[in-house]
Amino acid sequence: SAGNYVLSGYLPNTLFTDERNAGFALSLMRKDLGLFLGAAADAGMELPLSDLVHQQYVAAHAAGLDDADSTSIAELYERAADVRLRLAPAPQEVTT
């Protein structure tokens, strides 16, 4: 099936809510990415896409989002575009 927990359970209860309750804090994701990149550097590996992702998490930290859920990285883009991500309203059942 095309369904999965992230799309049907996690995102609707974190990213697409007004509260954005933290499940896995953005600060922890930033820390883990830093550790990962440090280990990669120690092994002589270059990971440019991972570096870019880490830069976004550093920017989110600077924007005061450390305590938010890690999916709140999207808030950087929301602020830049002056939008807020929301789920579409559930369709209403039509009775005849």
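Helices here are DSSP runs of H or I with at least four residues, numbered from the N terminus.

**Ground rules.** I'm working from a predicted model, where local features need pLDDT of at least 70 and side-chain atom pairs count only at pLDDT 80 or more, while totals for chains, interfaces and linings use all residues. Residues are numbered from 1 along each chain as its sequence is written, and side-chain values use heavy atoms, with hydrogens and water left out.

**Glu78.** I found Glu78 in helix 4, which covers residues 74–81. Glu78 comes out at 5% relative accessibility, so I put it down as buried (under 20% relative accessible area; exposed is over 50% and partly exposed in between, with a 1.4 Å probe and protein chains only). I then listed its contacts (heavy atoms within 4.5 Å): leaving out residues up to four places away in sequence, Glu78 touches Arg20, Val83, Arg84 and Leu85.

**Helix 1 and Leu7.** Leu7 sits in helix 1, residues 5–13. I noted Leu7 as exposed because its relative accessibility is 54%.

**Aromatic pair.** I looked for ring pairs (Phe, Tyr and Trp rings, the six-membered one for Trp, with centres within 6.5 Å) and the structure holds one. The ring centres of Tyr5 and Tyr10 are 6.5 Å apart and the planes are at 50°, so I logged the pair as tilted; planes under 30 degrees apart would count as stacked and over 60 as edge-to-face. Tyr5 is exposed at 57% relative accessible area, whereas Tyr10 is partly exposed at 21%.

How values were computed. Helix = DSSP H or I, 4+ residues; strand = E, 2+ residues; numbered from the N terminus.
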